[in-house]
Amino acid sequence: MGLVRKKAAEQPEDVAPERPSAEALRAQLDDPDPDCRREAALGLEGDEESVPHLLTRMTVETETNVRDAILTTLAAHDNETVAGSLAVHLASDDAALRTAVAEALATMPRSMPALLPSLLVAPDHDVRVMTAMVLADLNHPDTAAWLVQMISEDPHPNVVTAAIDALLPVAGPEHAAVLEEAVRRFPDDPFLRFTVQAALPRLAGTA
């Protein structure tokens with residue numbers, strides 16, 4: 001009698017864990033465990049109905065990695081409603097929140113242009129400084145033009161210096177004149193003058 005190969009035992013098929021519903025993830029945003037909150041924030045990517053919940057959670061969130069996850073999910077929407085809701089935090093007393101929001105807005109090239117007219121003339125010059133920080137990292141073809149506008153027109157030297165810092169990585173010889181004019185506008189600001197004088201040789205190709 002020939003040997004009969006034993007039939008291999010059937011392996012159970014891998015079953016992917018069931019994805020939590022958006023409603024469950026929204027409730028999880030208030031979980032005491034930061035890892036659960038972070039998981040919920042990332043799991044809500046693309047869910048429009050969760051935007052108000054994420055915006056509310058962001059204002060009270062104390063864990064940096066959870067807040068970063070919330071901002072990542074919100075920034076992915078890249079629409080004017082989300083961008084406008086985030087931009088109000090550029091005036092926050094919380095420096096870490098201001099910086100995190102600026103970094104998020106810098107990843108929103110579709111929606112940021114609509115906000116810039118109001119941000120460039122914001123009464124609080126610190127908001128305008130943060131706007132320059134956003135522009136420093138914003139991937140948009142008009143970024144340099146907006147920064148030149150700030151350098152040429154803003155009345156506060158700190159804003160102008162921030163705009164110069166943001167422009168310098170992409171500046172060329174064509175920007176030398178606007179930088180020199182900024183020094184003439186603020187002759188009593190040694191930091192602005194130093195920043196420009198240090199950059200001009202490179203722009204002129206003599207550094």
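In the predicted model, Ile-151 touches Val-160, Ala-163, Ile-164, Leu-167, Val-178, Leu-179, Ala-182 and Arg-185, leaving aside residues up to four places away in sequence.

The protein has twelve helices and zero strands, and the pattern read along the sequence is accordingly α-α-α-α-α-α-α-α-α-α-α-α. The radius of gyration is 25 Å, well over the 17 Å that the globule rule gives for 207 residues, so the protein is more spread out than a compact globule. Taken along the principal axes, the C-alpha atoms fill a box of roughly 100 × 45 × 25 Å. Among contacts with a separation of 6 or more, 59% are between residues 24 or more positions apart.

Of the 207 residues, 43% count as buried. The protein exposes about 12000 Å², of which carbon and sulfur atoms supply 54%.

The count of salt bridges comes to eight. One of them is formed by Arg-26 and Asp-47, with the closest N and O atoms 3.0 Å apart. The pair links distant parts of the chain: Arg-26 belongs to helix H1 (residues 22-28), while Asp-47 is in the loop between helix H2 (34-43) and helix H3 (51-60), 21 residues apart. Arg-26 has a relative accessibility of 17% and therefore counts as buried, the cut-off being under 20%. Asp-47, at 21%, counts as partly exposed.

A salt bridge also joins the side chains of Arg-128 and Asp-154, at 2.5 Å from N to O. Arg-128 lies in helix H8 (residues 125-137) and Asp-154 in the loop between helix H9 (143-153) and H10, so the pair ties together parts that are 26 residues apart in sequence. Both partners are buried: the relative accessibility is 7% for Arg-128 and 5% for Asp-154.

The side chains of Glu-61 and Arg-57 meet in a further salt bridge, at 3.1 Å from N to O. Glu-61 and Arg-57 are buried.

How values were computed. Residues are numbered from 1 along each chain as its sequence is written. This is a predicted model: local features need pLDDT of at least 70, side-chain atom pairs count only at pLDDT 80 or more; totals for chains, interfaces and linings use all residues. Side-chain values use heavy atoms; hydrogens and water are left out. Contact means heavy atoms within 4.5 Å. A salt bridge is a side-chain nitrogen of Lys or Arg within 4 Å of a carboxyl oxygen of Asp or Glu. Helices (H or I, at least four residues) and strands (E, at least two) are DSSP runs, numbered from the N terminus. Buried means under 20% relative accessible area, exposed over 50%, partly exposed in between (1.4 Å probe, protein chains only). The radius of gyration is taken over C-alpha atoms; the globule rule is 2.2 Å times the number of residues to the power 0.38. Accessible areas come from the Shrake-Rupley method with a 1.4 Å probe; for residues, only the protein chains shown count as cover.
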